[in-house]
Amino acid sequence: MCGIVGLHLRDPELHPCLGRLLTSMLAGVAERGPDSAGVAVYGDRRRCPEGYAAVSLLDAPPDLPVPGALVTEAGDTTVVAAPLPVEELLAAVTGARVVGAGTEVTIYKGTGRPLDLARTYDLADARGWQGLAHTRMATESQVTAEGCHPFSVGPDQCLVHNGSFANHASIRRELVAAGVAFDSENDSEVGARFVAARLAAGEDLDKALRALCERFDGFYTLLVTSADGFAVVRDAIACKPAVIAETPRWVAMASEFRALAELPGIDDARIWEPEPERVYAWQW
Amino acid sequence: MIDLARTPLRALNRELHAPAGDAYEVLNPRGAHAVAAGLCHAVAVEIRGHVGYYCAGMNQLARVTVHGNAGVGVAENMMSGLVRVRGDASQSAGATAHGGLLVVEGSASMRCGTSLKGADVVVGGDIGAMSAFMAQAGRIVACGDAAEALGDSIYEARVYVRGKVASLGADCVEKEVRDEHRAEVAALLAAAGFEHDPRDFRRYGSARRLYHFTRGNTY
Amino acid sequence: MTLRESATFDRPTIAAIQRAAETGVYDIRGWGAKRSVPHFDDLLFLGASLSRYPLEGYRERCGTDVVLGGRHATAPLHLDIPVTIAGMSFGSLSAQAKEALGRGASEMGTSTTTGDGGMTPEERGQSRTLVYQYLPSRYGMNRDHLHAADAIEVVLGQGAKPGGGGMLLGQKIGDRVAAMRTLPAGIDQRSACRHPDWTGPDDLAIKILELREITDWRPPVYVKIGATRAYYDVKLAVAAGADVVVVDGMQGGTAATQEVFIEHVGIPILAALPQAVQALRELGVHRTVQLVVSGGIRTGADVAKAMAMGADAVAIGTAALIALGDNAPRYAADYAALGSAAGFYDFQDGRDPAGITTQDPELAARLDPVEGGRRVANYLRVLTQEAQTLARACGKAHLRNLEPEDLVALTVEAAAMARVPLAGTTWIPGT
Ligand SMILES: Cc1cc2nc3c(=O)[nH]c(=O)nc-3n(C[C@H](O)[C@H](O)[C@H](O)COP(=O)(O)O)c2cc1C
C-alpha cells in the first residue's frame with residue numbers, strides 16, 4: 001500500500017534536473033507511504049560512469065574486494081560501480097545483499113520518512129534519463145529496507161507495486177520449483193521475478209505484463225522499467241489509483257496527480273488514467 | 001481569495017463551512033485532498049488548478065467549480081448544489097451522491113456515479129469502466145463513450161450515452177427512449193451547458209433480474 | 001440394532017445438503033457463528049488472596065469510565081461504562097428496537113451506533129452518545145447526520161463476514177427502510193463489500209482526512225474491522241489515522257449473511273485481541289488509540305476478560321437484542337409457527353415474534369421502546385457490576401487496571417491464542 005512515481009525524460013536537456021523533479025514527485029506521494037522509500041535512477045553518471053556497471057547493496061561490508069571501484073554510501077544503501085561487466089561485478093560482491101545491478105540503474109532503499117531518505121540518497125542532485133520512486137505503508141510484512149520497492153531482480157529492471165496480490169504464494173512456489181531464488185517474503189517480489197523471467201525469455205515489457213495480468217489475481221498498479229522501457233498496468237478492478245501524463249519532453253506516472261503538479265509543462269500535458277488490464281508501454 | 005500555498009487546508013474548509021462571504025476563489029490547490037469538502041451554504045467557490053481526492057465531498061448547496069482536473073471521488077456523496085469540473089475527473093466521480101448536479105466537462109474515469117443515490121452527473125466526454133455500478137437513483141449522461149461493464153448491478157438510476165458502450169454489466173440493458181427521456185436529457189444538457197441533440201442518446205437501466213435473490217442469479 | 005449417527009454427516013449437515021438440493025441457493029441467516037470456538041470461557045481470573053489484596057465488593061470504588069477518541073479528535077467521547085452498543089442497522093432492526101437501545105445506553109451513560117441504513121430521528125433523539133457508521137453502501141449517508149454524530153465509525157468489515165458485503169432480504173425492506181436507502185421496496189438488498197471511493201490503507205488515510213475536514217476535526221473517527229489478520233489491520237488502521245479501532249471477532253452477530261461465511265471466515269476474538277494489542281503496543285499507541293472489541297460478549301466476565309487482555313471497551317450486538325426480549329420463551333408458539341424455537345431463532349426472516357428484527361408494523365409494535373430501554377439498561381448494569389466484581393477481586397480500583405497477568409487459560413488452545421499461561425503453569429504455548 002503505497003505511493004508510486006516514475007519519470008522518463010525524452011528531452012536530454014532535462015537530464016540534469018531528473019533528481020530535482022523526482023524529489024518533487026516523491027514529496028507528492030510521501031503521505032501514502034510514510035514508513036520507507038526506495039528510489040531508482042537510470043543513467044546517473046555521478047555514480048555509475050559510462051562504461052561502468054553498478055551494483056546497489058544493502059548493509060554492505062566495509063571493504064569490498066573490488067579494485068578501482070567508485071563507492072557511494074547513502075544510508076543503508078551502498079552503490080559500487082566499477083569498469084567491469086555486470087556479472088563480474090556481481091561475482092566480486094558475493095555475500096552482500098544485492099538490491100539492483102546493471103549498467104544504467106542505481107537503487108536506494110531505506111526506512112524512515114520519504115523526504116528524509118531523499119536527502120540521504122542525495123536525490124535532488126541526481127542526473128539521468130529515467131527514475132522511479134516508491135513510498136511504502138507496509139501491509140503484511142515488517143518495515144525494513146529489504147521490503148522497500150523497487151524490486152530489481154534482472155539487469156536494469158525495476159518493478160514498483162501498489163496493491164496486494166492474492167495468489168502470490170502459489171506463483172512463488174511455481175517459480176521456486178523452476179529454480180528461481182527469492183530474497184524476501186514480499187508479494188511484490190513475486191511480480192518482479194515473474195516479469196524478469198519473462199524478459200529473460202525474450203519477451204518485451206508489453207507481453208510480459210500481459211502475461212502477468214493473466215496469471216496474477218488481486219489488486220495492483222504496477223510501474224515496470226528497464227534499460228529500454230517504461231510500462232504501467234493495473235488489475236481488472238483497478239482499485240489503486242494511477243495517473244499518467246505525457247508531453248514531448250517526458251512521460252510520467254504517479255499514484256496521485258499532486259505528484260505530477262510540479263513537472264515542467266504539466267499544464268499542457270496529456271493526462272489520463274490507465275484503464276484496467278491495459279498495458280501502457282513505452283519502449284525505445 | 002484563499003491561497004492554499006499559504007493557507008492550510010483546515011483553515012480553508014473552516015472558513016467555507018461558516019462563510020463570511022458568498023464567493024471564494026481558491027488558488028494553488030496542486031492536487032490537495034478534501035478541498036472545499038463538506039460545504040453547506042450557498043456559496044460559489046472557484047478553484048484554480050487541479051485538485052486531489054474528494055473535492056467538494058458531501059457538498060450541500062454550494063456551487064464549486066474546479067478549473068482543472070479532479071482526483072478520486074469528486075463530489076462524493078453530494079447532497080445538493082452544483083459541482084463543475086472543467087477538466088477531467090478521476091475515479092468514482094459523484095460516488096453515492098444523493099442530490100445536486102455534477103458536471104465534468106472533460107472525461108470521467110472508472111466507476112463514475114458508482115452507487116449513485118439520486119444526484120445527476122453529466123459528463124462532456126467519456127465515462128470509464130464500471131460506471132454506474134450499483135447506481136440506485138439519479139441520472140448519468142455521457143456525451144462520449146462508456147467503457148466496459150456499464151451499469152453493473154444497477155438499480156433504478158438511468159444512464160444515457162451518446163457514443164459507444166463497450167459492454168454492459170450484469171443486469172444492465174438498453175431501454176427504449178421515449179419523449180420523456182429525451183426531455184430529461186435535454187434538461188440535463190441545458191443545465192450542464194452542453195449543446196448536443198438529445199435524440200443522439202441511448203438509454204440504459206436495470207433489467208431488474210437481480211432484485212430478488214434466486215438460484216438464477218449469476219454474476 | 002443401535003443406530004449410529006455419522007460425525008462427519010451429522011443431522012445439520014444432512015439437512016443442509018438437502019436444503020441446498022431443494023432450493024439451489026445458499027443459506028442466508030442472521031446471528032453469528034454457531035459452532036463452538038475458543039472463547040473467554042476458556043480463561044479464568046486469579047483473584048487476590050495473600051500475595052495481593054482484594055477490594056471490598058460492595059463498598060470500595062471500582063471505576064468504569066472510559067474516554068474514546070482523544071488521539072486527533074477535539075471532542076472525544078466520555079463514557080461511564082466500557083460496554084457500548086454495536087452498530088445494527090435500522091432495517092435489520094425495527095425503529096422501536098433502535099430507540100430502545102438508545103434509551104438503555106443513554107441511561108447507563110454509554111454509546112449506541114447506527115448501522116447500514118442511516119440514522120433515524122428516534123435513535124438520534126434517544127441516544128446521548130451516538131456513533132454514526134460510514135459503510136460501503138453509504139445508505140442514507142448524509143452530511144447533516146455526519147454533523148449530528150458524536151463519532152464516526154468507518155466500517156471495513158464485520159467479524160461475521162470479513163471480506164463480505166450484506167444481503168438484507170426483501171421482507172425487511174419496507175417502505176421506510178427502502179426510502180432511507182433509496183431502493184425499491186421489497187427487493188433483496190445487496191450491499192457492497194468494498195467502499196466505492198477507496199480501498200487500502202493509503203486511500204483510507206485520505207478518506208479519514210476528508211471526514212475530519214467535513215466535520216472540522218471534532219468527532220473521533222473509529223475504524224471497524226472483522227478479525228482476520230488483526231495484527232496487520234490494526235497497524236494499518238492506526239497508520240491511516242484512526243482514533244479508535246474496533247475489532248469484531250468471528251462469533252459476532254449479523255443481520256443476514258451467508259451461513260458459509262458466518263461459520264468459516266475470520267478468527268475468534270480471543271485470538272484477535274492479543275494481536276491487536278501487540279500491534280498497538282509496537283506502535284506505542286496502546287491506550288492512546290483505544291481498542292474496542294466485540295463478538296460474543298455476553299457477561300461481565302467476558303467484559304472483564306476482554307479488558308484484562310488489553311481492550312479499552314467492548315461492544316455488544318446479539319446480547320443486547322436478547323436483553324430486549326429476543327428469543328424469549330413467551331413467544332414459543334410464534335417461533336414454532338416460523339419453524340423455529342425460542343433459543344434457535346436467528347433473525348433469518350422478517351417475522352420476529354419479539355418485534356426486534358422486523359419491519360412488520362404489528363410485530364414491531366410488540367416492543368415498547370421505554371420498557372425495552374429499561375431492560376437494556378438493566379442488562380448493561382449487570383454486565384458492569386459483574387466486571388467490577390471480578391476487578392475488585394483482583395484488587396483493582398478501576399476496570400482499566402485489569403491486566404493479562406490476572407488471567408490463566410483452561411485449555412492449551414486458549415492459552416496459545418490469548419497468550420496467557422495454562423492454569424497452574426507458566427507455560428504460554430508459542431512463546
Ligand atoms: C441484527 C444485527 C445487525 C447488524 N448490523 C450491522 C451493521 O449494520 N453494521 C455493522 O458494522 N455491524 C452490524 N452488525 C454487527 C454488530 O455491529 C457487531 O459487530 C456484532 O453484533 C458483535 O457481536 P455480538 O452480536 O456477538 O455481540 C449487526 C449485528 C446484528 C446482530
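## A buried aspartate in chain C

C:Asp346 sits in the loop that links helix H12 (332–337) to helix H13 (361–364) of chain C. Helices here are DSSP runs of H or I with at least four residues, strands are runs of E with at least two, and both are numbered from the N terminus. C:Asp346 is buried, at a relative accessible area of 7%. Buried means under 20% relative accessible area, exposed means over 50%, and partly exposed lies in between (1.4 Å probe, protein chains only). Beyond its neighbours within four places in sequence, C:Asp346 is in contact with C:Arg29, C:Gly30, C:Trp31 and C:Lys34. Contact means heavy atoms within 4.5 Å.

This is a predicted model, in which local features need pLDDT of at least 70, side-chain atom pairs count only at pLDDT 80 or more, and totals for chains, interfaces and linings use all residues. Residues are numbered from 1 along each chain as its sequence is written, chains are lettered from A and ligands numbered from 1 in the order in which they are written, and side-chain values use heavy atoms, with hydrogens and water left out.

## A strand residue in chain C

C:Leu79 belongs to strand S4 (residues 77–79) of chain C. C:Leu79 is buried, with 1% relative accessibility. C:Val66 is 13 residues away along the chain, and its C-alpha atom is 5.4 Å from that of C:Leu79. Setting aside neighbours within four places in sequence, the contacts of C:Leu79 include C:Asp65, C:Val66, C:Leu68 and C:Thr84. C:Gly109, C:Thr110, C:Ser111 and C:Thr129 are also in contact with C:Leu79.

## Chain C as a whole

Chain C contains 15 helices and 16 strands. Its radius of gyration is 21 Å, close to the 22 Å from the globule rule for 431 residues, so chain C is as compact as a globular protein of that length. The radius is taken over C-alpha atoms, and the rule is 2.2 Å times the number of residues to the power 0.38. Along the principal axes, the C-alpha atoms fill a box of roughly 75 × 60 × 45 Å.

Of the 431 residues in chain C, 60% are buried. Among contacts with a separation of 6 or more, 67% join residues 24 or more positions apart. The accessible surface of chain C is about 16200 Å², with 55% of it on carbon and sulfur atoms. Accessible areas come from the Shrake-Rupley method with a 1.4 Å probe; for residues, only the protein chains shown count as cover.

## Chain A and its helix H6

Chain A has six helices and 15 strands. The C-alpha trace of chain A spans about 50 × 45 × 35 Å along its principal axes. In chain A, 62% of the 284 residues count as buried. Residues 24 or more positions apart supply 71% of the chain A contacts with a separation of 6 or more.

Helix H6 covers residues 205–215 of chain A. Which of its residues are buried? They are A:Leu205, A:Ala208, A:Leu209, A:Ala211, A:Leu212 and A:Cys213. An α-helix has 3.6 residues a turn, so residues three or four places apart point the same way. The cover over the buried residues of H6 in chain A includes helix H5 (187–200), strand S10 (218–226), strand S11 (229–234) and strand S15 (280–283).

## Chain B

Chain B has two helices and eleven strands. Along the sequence, they run β-α-β-β-β-β-β-β-β-β-β-α-β. The radius of gyration of chain B is 17 Å, in agreement with the value near 17 Å for a compact globule of 219 residues. Its C-alpha trace spans about 55 × 40 × 25 Å along the principal axes. Of the 219 residues, 63% count as buried. Residues 24 or more positions apart make up 21% of the chain B contacts with a separation of 6 or more.

## Where the chains meet

Chain C and chain B bury about 3400 Å² between them, 58% of it on carbon and sulfur atoms. C:Arg143, C:Arg190 and C:Glu213 supply 22% of the area that chain C buries against chain B, more than any other three residues. Buried area is the accessible area (1.4 Å probe) that two parts lose on being put together, summed over both. The contact takes in 39 residues of chain C and 40 residues of chain B.

Chain B also meets chain A, with 14 residues of chain B in contact with 18 residues of chain A. These two chains bury about 1200 Å² between them, with 49% on carbon and sulfur atoms. On the chain B side, B:Arg30, B:His50 and B:Tyr53 lose the most area to chain A, together 32% of what that side buries.
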